[in-house]
Amino acid sequence: MIDADVISHKILDENVLTIEQTFGKEFVCGSKVDRKKLGALVFGDKSQLKLLEDILHPLIRDKIYKEALNLEIKGLPYFVDIPLFFEKQGYDFNNVLLVYAPKDTLIARVMSRDKLSKKEALQRLECQLDIELKKQKASFVISNDKDLKHLNLEVYNFIRELKERYATLKI
């Protein structure tokens, strides 16, 4: 699996000097970017978010495609996890799987995961395309609105269906 979040964190820290020059020393701690502080800035100011995205997204996109090409050359199947797939257009993938949860569930999960207030979580989600629109645009949808056992069953069913689909294509 190719994980855009992992790639973005690595690229962010690889560009610590650019972040410092662009946003200021207060957003850097040693050789790392203070992601929480930078996040508070950019999610509160769309112009600052655009500036950060203009720096990072071309680098992230290039790295994703390099990793995908490497796997394709080896003949290996892969998934690319891109949380902002619909927002950051320019990715050329044939099928899109959305792991779906309703907005209220997303808010609660972001608050818990990132230790954010409801206002901060909403600021982040409001920078994204509405989850219901993403659901309409996706090729496949896995429901993640219940517990982990239910999600595992959804993933199992999706993989089974995917294997069946590709088995018939190879005949």
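Visitor: Is Lys115 buried or exposed?

Guide: Welcome! This is a predicted model, and Lys115 sits in the loop between α5 and α6 (118-126). Residues over 50% relative accessible area count as exposed. Lys115 has 66% relative accessibility, so it is exposed.

Visitor: What is the phi of Lys115?

Guide: Most residues other than glycine have a negative phi. Lys115 is not a glycine, yet its phi is positive. The value for Lys115 is about 55°.

Visitor: How many helices and strands does the protein have?

Guide: Let's walk along the sequence, where the pattern reads β-α-α-β-β-α-α-β-β-α-α-α-β-α. The C-alpha atoms fill a box of roughly 60 × 40 × 25 Å, taken along the principal axes. The secondary structure comes to eight helices and six strands.

Visitor: What percentage of the residues in the protein is buried?

Guide: Here a residue needs under 20% relative accessible area to count as buried. The protein has 171 residues, and the buried ones make up 32%.

Visitor: Which residues have the most contacts inside the largest nonpolar core?

Guide: In soluble globular proteins, nonpolar side chains tend to be buried together. In this model, the largest nonpolar core has 29 residues. The elements giving two or more residues to this core are α1, α2 (16-23), α3, α4 and β5 (97-100). The residues with the most contacts inside the core are Phe23, Leu38, Leu52 and Ile64.

Visitor: Which element gives the largest share of this core?

Guide: Several elements give two or more residues to the core, among them α1 and α3. The largest share is seven residues, and it comes from α4.

Visitor: Which residues is Leu52 in contact with, leaving aside its neighbours within four places in sequence?

Guide: Leu52 belongs to the α4 side of the contact with α1, and Leu52 also takes part where α3 meets α4. Leaving aside neighbours within four places in sequence, the contacts of Leu52 are Leu12, Ile19, Phe23, Leu38 and Val42.

Visitor: Are α1 and α4 parallel, perpendicular or oblique to each other?

Guide: The axes of helix α1 (residues 4-14) and helix α4 (residues 46-73) come within 9 Å and cross at roughly 125°. The contact brings together residues including Ile7 and Ile11 of α1 with Leu56 and Ile60 of α4. By class, this contact has nine nonpolar, one polar and two charged residues. Angles of 65 to 115 degrees would be roughly perpendicular and those over 145 roughly antiparallel, so α1 and α4 are oblique.

Visitor: How do the residues of the contact of α3 with α4 divide by class, and what are the counts?

Guide: Helix α3 (residues 35-42) has an axis that comes within 7 Å of that of α4, crossing at roughly 125°. That makes α3 oblique to α4. Leu38, Leu41 and Val42 in α3 meet Lys46, Gln48, Leu49 and Leu52 in α4. By class, these residues divide into five nonpolar, one polar and one charged.

Visitor: Which residues does Leu106 touch, not counting residues up to four places away in sequence?

Guide: Leu106 lies in helix α5 (residues 103-114) and is partly exposed, with a relative accessible area of 22%. Its C-alpha atom is separated by 9.0 Å from that of Asp145, 39 residues apart along the chain. Not counting residues up to four places away, Leu106 touches Ala101, Leu125 and Ile131.

Key: Residues are numbered from 1 along each chain as its sequence is written. This is a predicted model: local features need pLDDT of at least 70, side-chain atom pairs count only at pLDDT 80 or more; totals for chains, interfaces and linings use all residues. Side-chain values use heavy atoms; hydrogens and water are left out. Axes are lines fitted to C-alpha atoms, for helices over the stretch in contact, and angles run from 0 to 180 degrees between N-to-C directions. Helices (H or I, at least four residues) and strands (E, at least two) are DSSP runs, numbered from the N terminus. Angles under 35 degrees count as roughly parallel, over 145 as roughly antiparallel, 65 to 115 as roughly perpendicular and the rest as oblique. Contact means heavy atoms within 4.5 Å. Ala, Val, Leu, Ile, Met, Phe, Trp, Tyr, Cys and Pro count as nonpolar, Asp, Glu, Lys and Arg as charged, and the others, Gly among them, as polar. Buried means under 20% relative accessible area, exposed over 50%, partly exposed in between (1.4 Å probe, protein chains only). A nonpolar core is a set of buried Ala, Val, Leu, Ile, Met, Phe, Trp, Tyr and Cys residues joined through side-chain atoms within 4.5 Å.
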